[in-house]
Amino acid sequence: MEGRLQRLVRLSLVIILVTGPGCSSQETKIACEDANLDLSCENERVLKIHEAAYGRTDTTICPGPNSEEPRNCTATNSLSKVQEECDNKPSCSVPATNNMFGDPCKNVYKYLEVVYSCEPPSPSCPADVTHISGIKLTFPASETGDTANSIESCPEESGQSNSLATRYCGESWEEPVLIQCYDEESLDTQLEELAQTNVTDENVAEVAGMLVLTSSQTGDISPEGLDNIITTLDSVVAVEDPSEEVTDSVVGVANNVMALDGTMLADTPDVNEVVSLLETQLGIVQQLDQNYTEILPNVGTSALHIERSALTAPVEYNDPFMGAPVSNEENVTAAWSSISLPPSILDIVVTVDPNSSTVPVSFITYLDAGLFQPGSQSEGAPSNVISEYTESQVIAANVDIENLKIKDLPSNSSVITRFSKPVSVEEGNSTNTTIEGNSTNTTIEFLCVFWSYNGGESPARWSQDGCRRLPSDGDEVVCSCDHLTSFTVLIRVSDDHPISERFQLALDIITMIGCVLSIIGLSFCVVAMLLIRSVRKKQQTHLHFNLCLALLGFYLSFLLGVDQFDQSVLCRVMTSLIYFFCLSSVAWMAVEGFYIYMLIWKYKQSSITHLVAVAVLLAWGLPLVGAILVYVLDQSHDYVAEADYCFLHPGPALYYGFLLEVFVLFLYNFVIFILVTYRVNSRKIRFSNKKDKRQEMVTRIKSTFLFWVILGMAWLFGFLATFHSPLTLAFQVLFCICLSLQGFFMFYMLFVQNPEIKKEIKSATSKYSSSNSSSGGAVDNAYTSRAQSVSHTPKESTVDNATYDMEVNPVGEHIYYNVNG
């Protein structure tokens, strides 16, 4: 009996030694906020962390400020942070602080709860199977300091036989690194083949895996390759496969696209589709009825099934990159964001799905706004805005129930987002900023905005509609919005000397009236030149006719098309018409300049051979070629209808495809204008009588104004208005008035003041009204008298051994030189 008892005691001691201190059973330990949670193991065992949560889910643990109300807020990085500090170590100490985990519950006393066990130490890096964005990778067991190759190899299509990835074994396995299997040429070929692949239920996982693999070579992707990536991603998501494998790949592709060069993203309008496709796939994965999470360097996603009872209190979600450094030129900041869903969402969900016990909610955090490329400034941006950009993360939340949109939430139960305040600029600070080589004072604003995008039907842009900024302390921006979507903080740089809305409205009215008057006047000119034979047969009339026709087309296309930005195809067509007629009108002004130059400096009084034929070919043909090339070749965001007007937007098409040509033609006309004005006004006044002398001065001024109108000198104000200076506003006003009224001025000079047209009109009128005949003669006599008074005795001078008589005709004809050998 005693022997049995001794054996039982010895067996108990063995059990105590094995399962006593440092046992493998799981234990739970809690530390209140601002305290340290200390863990340790004995008998050469190491810690294994199973669960960790920093926040508050229980009202009885660690009582403190605001702890008595029901909460369900925990930091999403709790487990990873504690594992990083404690896993495979004999002991560790973890601070339960906001600095460690972020603040998931603002103004609430929190605690850290950890479930752990003590395990025998395992080999440094045991054999492991892992996934990177849906790509399966298998690594053999390795010792510390070794780099292991994956069992999987590059695809046969790549022509490479290398392992697909490598992985370094330190104290534990580090993250795998994919090998670049494709060179640049074969990568483009592979991406094009993927884009042409018919994606089905059977091959969607394979295509998605290939897509994330090829898109990981971000340094070799071309703009065409990016377009193919988006096309293939669209095909993958369209299959509606809810598997985690496919969803991992979709998230991986979005992560890879975010790593591309910012200029390439900005030049690819369809890159905005990646956001929509990612949100759609997260809604699809909700069909699995289990939570899904994938955190990658540039994007973090969570598709959760939240108990309806949890929605009776605000649901907090913190970005998984809490405190991750975000580089912005010379500044490196620790950016963070969070979003809180109000209980009022449950009221809306119940009306659509009253029987479900859970609510499917997906969260997405983007490390930056690379996938959000606005086609214009934010909605409702005032005219004095110089630039808008974002340095903050973008955080999004969606309730994944079909036909349900969360919007119009009450102001006292709205969606609350928090962002770390940008540190590269100081809000409200008026600084001296250099813009296009000129100094101006600017003001900085931080705005709460959401992403407004509906697949290209209207311009993609940031909008403040339904969002407002709440008071907050100095290190964060707090926003309240009445709907769910993607949110961020927009930095707006504004000129301290803005154009008021009333003044802008006045300019719009002036432009409208001026264009209408010009259209009416130019129509009269075109009809008169066609019907009156004595006018029609002259060469200069042919030039005037084409110039009037180009200006008429410009004004009509501008009035009818500049505001059609809500219709993409029509906007592109109207943009091409405005471009064509505007460039043609400037080209015909250059032709007029050449004709005037030949009259004044070369003394060509008779018609210039083939001038009209050559002018028609160049002044109509070249702008037409330019309009076609810009329309066909330039598919970038600066040409598509992605702003609140239809014309070329800032970019290569505007700078090199339009403004450069206009500037060259204007410079040519400006030189002609200087030469002609000098020639007309440099000779001495030949009258001693004050009245005649004054009349000749008036005649010269009218001639100068005629040259100014015909040669398009109004563009001088336009180019001066592009430079920021105290006179910028004045130049904008002058350009607006002069350009819109140019057609009306042409009508006045070529129609109203033309004696031949007057004569024809009076002749036609006299046939039907004998009573007007005498008055018409009186008017004609009065006009003849005035014309005689402004004419002057020819003065002989010598130019290149030739004498000429000069007569300045102030009624719309050019200056004539009668050369006497």
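Analyst: Here is a short tour, going from the whole chain to sheets, helices and salt bridges. This is a predicted model, where local features need pLDDT of at least 70 and side-chain atom pairs count only at pLDDT 80 or more, while totals for chains, interfaces and linings use all residues. Residues are numbered from 1 along each chain as its sequence is written, and side-chain values use heavy atoms, with hydrogens and water left out.

User: How many helices and strands does the protein chain have?

Analyst: Helices (H or I, at least four residues) and strands (E, at least two) are DSSP runs, numbered from the N terminus. In this protein chain there are 21 helices and 30 strands.

User: And what share of the residues is buried?

Analyst: Buried means under 20% relative accessible area, exposed over 50%, and partly exposed in between (1.4 Å probe, protein chains only). Here, 48% of the 821 residues of the protein chain count as buried.

User: How do I read a sheet? Which strands stand at the edges of the one with E14?

Analyst: The general idea is that strands of a sheet pair through backbone hydrogen bonds, either parallel or antiparallel. Two strands count as paired if DSSP finds at least two bridges between them. In this model, five strands make an open sheet with antiparallel pairing, in the order E14-E17-E21-E26-E25. The edges are strand E14 (315-318) and strand E25 (467-470); each has a single partner strand, so one side of each is left without a neighbour in the sheet. From one strand to the next, the twist averages 20°. Angles like this run from 0 to 180 degrees between N-to-C directions, and axes are lines fitted to C-alpha atoms, for helices over the stretch in contact.

User: How many bridges do E25 and E26 pair over?

Analyst: Four, and E25 and E26 pair in the antiparallel sense. Look for Cys467, which stands opposite Cys481 in E26.

User: Now helices. How are H6 and H9 arranged?

Analyst: Angles under 35 degrees count as roughly parallel, over 145 as roughly antiparallel, 65 to 115 as roughly perpendicular and the rest as oblique. The axes of helix H6 (residues 223-238) and helix H9 (residues 273-285) come within 10 Å and cross at roughly 20°, so H6 and H9 are roughly parallel to each other. Residues in contact (heavy atoms within 4.5 Å) include Ile230 and Leu233 of H6 and Val274 and Leu277 of H9.

User: Last one: what is a salt bridge, and how many are there?

Analyst: It's a side-chain nitrogen of Lys or Arg within 4 Å of a carboxyl oxygen of Asp or Glu. By that rule, the count is eight salt bridges. One of them joins Glu476 and Lys106, at 3.5 Å from N to O. Glu476 lies in strand E26 (residues 476-481) and Lys106 in the loop between helix H3 (98-101) and strand E6 (111-119), so this pair ties together parts that are 370 residues apart in sequence. Glu476 is buried at 6% relative accessibility, whereas Lys106, at 24%, is partly exposed. Both belong to a network of salt bridges that also links Glu33, Asp103, Lys110 and Arg418.

User: Where do Arg492 and Glu388 lie?

Analyst: Arg492 and Glu388 form a salt bridge, their closest N and O atoms being 2.8 Å apart. Arg492 sits in strand E27 (residues 486-495) and Glu388 in strand E19 (residues 385-389), so the pair ties together parts that are 104 residues apart in sequence. Arg492 is buried, with a relative accessible area of 5%.
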